[in-house]
Amino acid sequence: MLQEAVVTEPSGRPGTRARAETEASPSTPRFRIFIVDTGWDSPGHKVLQENFGLIRELQREDPIYVLGREKSIEYLRHHEERIGHDPIIAVHDLAAMDDTGTADFHGFRLRLGLLRTHQQALLALQNFARFLRLHRQSTDLEGEIRRGLRREGLAGAIEIVLGHEAREIGG
Amino acid sequence: MPERWSDYLTIFMSALAVGYMVYEIDRRQRKLREIFDVLDAEDAAVTARLEDMVASGELQPYTGATLV
């Protein structure tokens, strides 16, 4: 049952349970996932609500922290430039934080609130979930993300120039 | 040096096309980064705050099956 799904809880300082690829077992938490959602009536909010259980099941090795409405509002009151970007899913990479703390690359984030349609938000969430699963053993997560962003930007531009339909994400 | 106006026009149009491609790639990448990007030094304070909330027990792993 979903309600009985176990979420492992990393203890101690950030990243202390993260391990390099060679040491980590597949069930060792690699990420901490945070969800900030003030509850805007937006496609991103609805898609997250509808699919949260699935995300939980797919990412059961990694703890998910939901800030809740009040904490999310408080968060955005301090980061007003991000109002309307939520739901935001921030993923802290424990392996990176173990190496360099937060001074350099230490995770990634998705701003679902910027997507205008239900289909775009769903596709983004699916891509995000796939990315998390595919890369949870990665030793060069930052490089893979940056290469992916470059590739997507190039692919999108080529599609536009060739007169194809705009890609779903960022279109 | 090009000898005909049509050559100049071809060069001009080619430069425009290349410029548009560069602009479009840059625009797409910026738009993608607004939606999905890495957390780095710029996000350090926010990350630290969230990690503090976990360390202090203010935030607990969410065990519900649905968001409420």
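How many residues does the contact take from chain A and from chain B? The contact takes 45 residues from chain A and 30 residues from chain B. The model is predicted. Chain B is built from two helices and one strand, and that strand pairs with β4(A) in the antiparallel sense.

**Chain B: elements and dimensions**
- Read from the N terminus, chain B has the element order α-β-α.
- The radius of gyration of chain B is 25 Å, whereas a compact globule of 68 residues would have one near 11 Å.
- The C-alpha trace of chain B spans about 75 × 30 × 10 Å along its principal axes.
- Of the 68 residues in chain B, 19% are buried.

**The side of chain A that touches chain B**
- The contact draws 45 residues from chain A.
- Strands β1 (31-36), β2 (64-66), β3 (88-93) and β4 (107-111) of chain A each give two or more residues to this side.
- Helices α1 (43-58) and α5 (141-161) of chain A also give two or more residues each.
- The most comes from α5(A), with eleven residues.
- By class, this side of chain A has 25 nonpolar residues, eleven polar residues and nine charged residues.

**Strand pairing between the chains**
- β4(A) pairs with strand β1 of chain B, residues 36-39.
- The pairing is antiparallel and runs over four bridges.
- Which residue in β1(B) is the bridge partner of A:Leu110? That partner is B:Phe36.

How values were computed: Residues numbered from 1 in each chain as written. Chains lettered and ligands numbered in written order. Predicted model: local features only at pLDDT ≥ 70, side-chain atom pairs only at ≥ 80, totals over all residues. Rg over C-alpha atoms; globule rule 2.2 N^0.38 Å. Buried ≥ 20, exposed ≤ 12 C-beta atoms within 10 Å, placed from the backbone. Contact = placed C-beta atoms within 7 Å. Nonpolar A, V, L, I, M, F, W, Y, C, P; charged D, E, K, R; others polar. Pairing = 2+ DSSP bridges.
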